[in-house]
Amino acid sequence: MSDVAIGVDVGGTKALALVVARDGRVLGEARAATPHDATREAGEATAAALTDLVHHLAATHQLNVAATPVGVGLPGLTRKDGRLAFAPNLQSASGADLGSLLGASLASSRVFCENDANCATVAEHEWGAGRGVDDFVMVTLGTGIGGGIIAEGKLLQGRSGFAGEIGHMVVEAHGIPCPCGGMGCWERYASGSGLKRLIREAAKEGQLPTLLAAHGSAEMIRPEDVTQAGAEGLEEAIDLLRQVSWWLALGLSNLVAVLDSGHFVIGGGLSSASDLVLPFTRDYLANLVEGYQSRPAITVAASMFGPRSGAMGAAMIAFERDS
Ligand SMILES: [Zn+2]
């Protein structure tokens, strides 16, 4: 049994790899760009880049790759057997059996793939903001929304391994088109993309005089500019964060209705504004959740590991499945 595992979080633009001990300590890290080479067979460019990344990290830390379990978090629908069935943000690998490709190129039978947000959820459950909680949902707010569900102490996988695609719950019938092909998906409203849309709308209505004066145009105002201005107390930025929080709370209340979750862990880029967003979200939840006063308290916390949670959880998945 290995004392350490390598966890890799594969995003649409970059991959983060960590060496993680069984107690969750991070012993090393390396990063690489995620290639988008559509001229090669699906997934081959990704597998080659990840192979180099894992070899580099292993060499730096004197690890034997074949003897070290490797967990990989993938940005899309990931089947239980490791195939990346559908990945709108990594189309050159969509449909590829990345688990087998990577296992072959690393000459290892100890490669385990899982959806990236499910990995983040497992890390928070084992070591972080969901530790000791048997029923919670992790929500990662980035360009889109990822999610993972812990139900009765276990990661909910569903029939094929695709459970937890909470960003594509429809919250507005006939709403904004989504890269998934649907319309009105939650991630179009409560993520960084949702905040960008709110910025454009508020700018058009003349509600962002200070931000517009500072950045020139609505297109130049980034979500992180809004979270920073909000933290500095700018009321027009706080208003935008309040609106995003309402959309966040709306989706969470739907999850409570289906799952009876008592706890939410919020991660991803937007969670850097958690000091503002989470209190607003808690207030809105009290109005949106059915029978809120009659339920045990529902808590909302920020992720403990931030951008590292996916890679840490991928390592945890490798520990769990390497037996
Ligand atoms: Zn969608």
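1. Let's start with helix H9, whose buried residues are Val277, Thr281 and Leu285. Looking down the axis of H9, these buried residues fall within an arc of 70 degrees, so they line one face of the helix. The background is simple: an α-helix has 3.6 residues a turn, so residues three or four places apart point the same way. Keep in mind that this is a predicted model.

2. What sits over that face? Helix H8 (235–259) and strand S12 (299–302) are among what covers the buried residues of H9. On the face turned away from the buried side, H9 carries the exposed residues Ala286 and Asn287.

3. Now for Ala21, which belongs to strand S2 (residues 14–21). Ala21 counts as partly exposed because it has 13 C-beta neighbours inside 10 Å. Setting aside neighbours within four places in sequence, Ala21 is in contact with Asp3, Val4 and Leu27.

4. Zooming out, the chain divides into domain 1 (4–121 + 308–321) and domain 2 (132–303). Their centres, taken over C-alpha atoms, are separated by 27 Å. Where they touch, 12 residues of domain 1 are in contact with 16 of domain 2. On the domain 1 side, strand S5 (77–78) and helix H3 (116–127) are the elements giving two or more residues, and H3 gives the most, with five. That side divides into four nonpolar, five polar and three charged residues.

Notes. Residues are numbered from 1 along each chain as its sequence is written. This is a predicted model: local features need pLDDT of at least 70, side-chain atom pairs count only at pLDDT 80 or more; totals for chains, interfaces and linings use all residues. A residue is buried if 20 or more other C-beta atoms lie within 10 Å of its own, exposed if 12 or fewer, and partly exposed in between; C-beta atoms are placed from the backbone. Helices (H or I, at least four residues) and strands (E, at least two) are DSSP runs, numbered from the N terminus. The arc is that of the directions from the helix axis to the C-beta atoms. Two residues are in contact if their C-beta atoms, placed from the backbone, lie within 7 Å. Domain bounds come from an automatic or database domain assignment. Ala, Val, Leu, Ile, Met, Phe, Trp, Tyr, Cys and Pro count as nonpolar, Asp, Glu, Lys and Arg as charged, and the others, Gly among them, as polar.
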